[in-house]
Amino acid sequence: MKNDQDPVSIPDDLSFEILTYLPVKSLLQFKCVCQKWRNVISDPSFAEAHRSRSAAALLISVPDMSSPYMMSSLVSLKDGEARRPIVPVLPYHRNISQSVNGFVCIYQQYDPSLRVLLYNPSTREHVTLPSTAVENLGFRFHCIALGFDPSTKTYKILRVWTGGGGFNYEIFTLGGGAWRVINDGPFDGLTRKGICLDGSIYWADNLVMRNSILAFDVGEEKFRSVLTPPGALTWKGIEWDMIEIDGHIAIVDLHDVVESISNVITMWKFEDPINGVWNQKRILLPKFCIPKPLPFTGHRPLFVTSIGSGELTLIPGQFFSDWYVFRYNLEEGKARKEVFSRSPENDWNDDFPLIGFCGLYAYKESVISLREICRLL
């Protein structure tokens with residue numbers, strides 16, 4: 001006779017499939033249920049499948065009025081809710097890198113200690129990287145980019161900093177132990193965040209480049225220049241953004257909107273990196289997507305990024321009573337407003353935060369363990 005109390009056996013492939021749809025918070029709890037689930041969730045193939053199904057979130061770095069020297073803290077916008085992720089060791093910062101496979105680098109651009117924290121916001125694991133390999137005489141500032149080489153599954157952190165009469169370039173391989181000097185870096189430094197895509201980190205920096213963007217091959221550890229269309233004026237002030245959209249690098253020109261000339265933005269998408277092909281698209285934004293100009297010198301009224309397939313995400317330069325973004329569907333030419341409620345779990349000291357110059361980051365949850373990658377178990 002069949003015992004009604006006998007547990008139901010779920011095939012392994014079905015268990016794998018179900019688990020990939022769960023949030024990281026639940027998966028971390030399920031790893032403690034049994035060794036079998038722990039092994040499944042810890043498998044690199046599971047982490048990759050889970051990340052591919054995770055909904056993208058938006059990380060915003062905003063000045064915190066309650067922090068020392070008005071430093072910034074993180075706000076995550078996802079599933080209709082605004083949250084403040086807890087960042088250990090370095091709760092306040094000046095800069096974070098682009099997210100790569102769920103990891104970010106957190107640092108203070110003008111900190112002479114050159115401290116860099118590698119952090120997984122989903123698991124709350126963090127690793128403090130070793131100090132620089134070069135004596136930082138005459139330090140002024142440093143900039144960090146996180147990269148990933150898909151051919152070797154290797155994470156690397158690239159740093160440029162001023163000191164010793166010029167610009168210094170170093171690279172750190174996660175699990176490798178120490179920073180290494182790169183001797184053939186560009187003559188000028190880089191101030192904006194990089195975007196890692198298909199094994200290369202891309203920059204468009206108005207202080208360095210004209211008619212080109214810079215690319216760094218993470219595997220070969222070599223820099224190269226990538227020509228851009230004549231109309232993509234990436235050196236023209238702060239009126240443009242470089243983003244990743246649908247697996248491509250794109251440059252978005254916001255000049256006419258920022259200067260209140262028209263509601264049109266222009267996007268150049270890098271469709272074919274091998275042959276250097278860029279495609280241009282002019283986008284007419286609905287009036288309700290364009291906030292009023294801010295009465296602050298050097299602050300933009302609008303920022304743009306992409307966290308969804310075929311969509312641009314438009315973010316106002318300052319939030320007031322509500323946290324909200326606009327989603328613009330490129331195929332349909334339609335926009336919608338998405339409002340985020342403030343999580344009651346967090347303390348919201350600043351009701352009117354301004355978005356920083358490089359304060360927008362697309363992010364996907366990751367169950368990957370930093371300790372396993374860094375061999376710190």
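**Close-up views of a predicted model**

**View 1. Helix H4 and its neighbours.** The buried residues of H4 pack against helix H1 (12-19), helix H2 (24-30) and helix H3 (35-42), where contact means heavy atoms within 4.5 Å. This is a predicted model, in which local features need pLDDT of at least 70 and side-chain atom pairs count only at pLDDT 80 or more, while totals for chains, interfaces and linings use all residues. Residues are numbered from 1 along each chain as its sequence is written, and side-chain values use heavy atoms, with hydrogens and water left out. In H4 (residues 44-53), Phe46, Ala47, Ala49, His50 and Arg51 are buried, that is, under 20% relative accessible area, with exposed over 50% and partly exposed in between (1.4 Å probe, protein chains only). Helices (H or I, at least four residues) and strands (E, at least two) are DSSP runs, numbered from the N terminus.

**View 2. Aromatic ring pairs.** Rings of Phe, Tyr and Trp (its six-membered ring) pair if their centres lie within 6.5 Å, and planes under 30 degrees apart count as stacked, over 60 as edge-to-face and the rest as tilted. By this rule the count comes to 11 aromatic pairs. The rings of Trp203 and Phe223 have centres 6.5 Å apart and planes at 35°, so this pair is tilted; both residues are buried.

**View 3. Phe288 and Phe326.** The ring centres of Phe288 and Phe326 lie 5.7 Å apart with planes at 65°, so the pair is edge-to-face. Phe288 is partly exposed, with a relative accessible area of 48%, whereas Phe326, at 5% relative accessibility, counts as buried.
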